[in-house]
Amino acid sequence: MVRVETQLRTLIVCCLAATQALAATPNGKTQVIHPSAFGISQRISDLPIDLSSFPGREMPEPSASHLRDMHPAPGPWQDPALQTEVLPPVGATQGVSFDGISTSGWIPPDNNLAVSPTIIGVTVNTDVAFYSKTGALLSGPTNIPLLFTAVGGLCTIYVVDPIVLYDRPADRWVVAGIGLDYNGNYSECIGVSTTNDPTASYATYIYPFGTTLNDYDKLSVWATASNSAYLATYNLFPPTGAGSADLCGFDRAKMLVGNAGAAMLCQKTSSSESSYLPSDMDGPTPPVDGTPGLFLNWQNSNPGKLNLRKLTLNFASGTATLSAPTAITVANDTLACGSGGACVPQPGTGQKLDTLGDRMMYRFAIRHFADHDRAVTSHAVGSSGSVAVRWYELYDPAGTVTLNQQGTFAPDSTYRWMSSIAEDQNANIGLGYSASSSTVNPAVRFTGRVPSDPAGTMETEASIIEGGGVQTGGSSADRWGDYTAMQVDPSDDCTFWYVNEYQTVTGYENWTTRIASFAFPGCGGGGGPVMSLDPTSLKFGKVLVGVTKGKKKVTATNTGSSVLTISNIATTGDFALVTVKATKKVTPCANGTNLAPGASCLIKVSFTPTQTGARTGSVNFTDNAPGSPQSVSLAGTGK
């Protein structure tokens, strides 16, 4: 959230965080919150452009999560999930890249992004803007409180920690944030577009939280056939007593038709839990009807543990049932900067940047595949004196959840933090983040992986844009983030879109957002490389045990439209690769071979039976084409 301008407010936030050490338990009673006001907004495109003429404001820092009270085992020790293997440069092709909203007079930006088949929506503190996919500005930047003029109250004063969502099944847009007045009064402001045009009017609602701070709000789309919801999470801080996490759902069905009575149902956790993320659906397939809303947090660093909770919503009866947490064991870690705070260096200044490394980073993205669901999420961790990104891929989070893979990406001593992650329809993963060091201006970078990469690894990173300066010179110059967003384009379920901040020049409250896209070759079966093997099986007949025979040939051809990179060729069973001599007409296949579209390479395979009877095996090609690894079956008989 935003850091307030006065030291007094900062002290109050610190004191509230300290009260979390007090024991508090949820009572299991559903909180039913009705909107205190409802109205239809003007068209966003008709609202004034925000010229940022008002004085700069410093957003109150998100209150510390429960993790800052943890005391990890003393180091030094090596992160068991640390990636030590260096992979080739990330195979994704970068696409569009352009600057989005620049400083709006607030620090930090809290930049967020959503994508429809034709439009990109971006929010920052406290503006919203919409762009074409070539970077043309379609509307805004618009000061978000102007969107809520019809409901009045706190939502017309300040709306901070903004989130923008694209609701794919409904083809609608959502803009939300925390309404406040800097006098201790709080609310949640949420607007749902009345059509698929995000620059038109919105059904707007205000949900009161009274004097309890609904900090660090995060929202998502969970479009089940019945009891569908816009899920939401908050860290609650009342004026006195212990705080807790609030796990909630808005009545999506009523909001989509502009029903003024759309309720919000919530359940509180104990004060020993905080900073949950709500499940956010990616892809064309919605969750199976009846699937509860899912909520994930980073509960403990050593021993490593994630907590997964399920919230079953029934808007007709006004009830929400919250499951006990399911513990997911993950690799141990240490908090970034030791406490999850500020330690990221910048060139030429002693000003450090805040990692917000005591919580999961937005989003908790879930995609349905043919026979299972996959979810990805990430956060910052300490790594050998710097800061790295830890990421996870979970299988079937709504069922019997399992950890499929995890990794800590720290290829060098540069600090990496403020991450966001997503997965495309081919199970390729994209991970974006900030990067900085004593010699590197804060930059926007990304990495990724394809299914054939070794588990727990990411390919060598690429730069989206390198910073032209550093952030320094003000009372809140440590603030960076507080979150970003990686999304997958619904037009092809392949193109990743990412937003993050950087500095074009050194200064204070002069950040710029960068919006960029990339895609992995071959995603969706169109474009990219395609591996074709000829033949697809080899038979060696009968061979004496211990005798080598063969040198049978297999030709690998790239029948796709971009470069095919073969990362590994290996045999199994009693079969082996035989050296192929390069000539003007023959290119041997080898680890690291790159084949241009239409090009081919050759391998030879021999057979040495180790015992009598039928012997089988395969030769396997690992590459960047769909279907990797591809195999040629091998068979022979020992006699």
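How many bridges join strand 36 to strand 38, and in which direction do the two strands run? The pair is joined by 4 bridges and runs antiparallel, with strand 38 covering residues 549–558. One of the contacts involves Leu533, whose bridge partner in strand 38 is Ala556. Strands here are DSSP E runs of at least two residues and helices are H or I runs of at least four residues, both numbered from the N terminus; two strands pair if DSSP finds at least two bridges between them.

The model is predicted, so local features need pLDDT of at least 70 and side-chain atom pairs count only at pLDDT 80 or more, while totals for chains, interfaces and linings use all residues. Residues are numbered from 1 along each chain as its sequence is written, and side-chain values use heavy atoms, with hydrogens and water left out.

The link is right-handed, with 100 degrees about the S-S bond. Both Cys589 and Cys601 are buried, that is, under 20% relative accessible area with a 1.4 Å probe and protein chains only (exposed is over 50%, partly exposed in between).

In total, the structure holds 5 disulfides. Counted along the chain, the bonded cysteines follow the pattern 1-2, 3-4, 5-6, 7-8, 9-10.

Another of these links joins Cys494 and Cys523, with sulfur atoms 2.1 Å apart. Cys494 sits in the loop between strand 33 (485–488) and strand 34 (496–503), and Cys523 in the loop between strand 35 (511–519) and strand 36 (531–534). This link is left-handed, at -85 degrees.

The disulfide of Cys155 and Cys189 is likewise left-handed, at -100 degrees about the S-S bond. Because Cys155 lies in the loop between helix 2 (144–147) and strand 10 (158–167) and Cys189 in strand 12 (residues 186–193), the pair ties together parts 34 residues apart in sequence.

Note on methods:
A disulfide is a pair of cysteine sulfur atoms within 2.5 Å.
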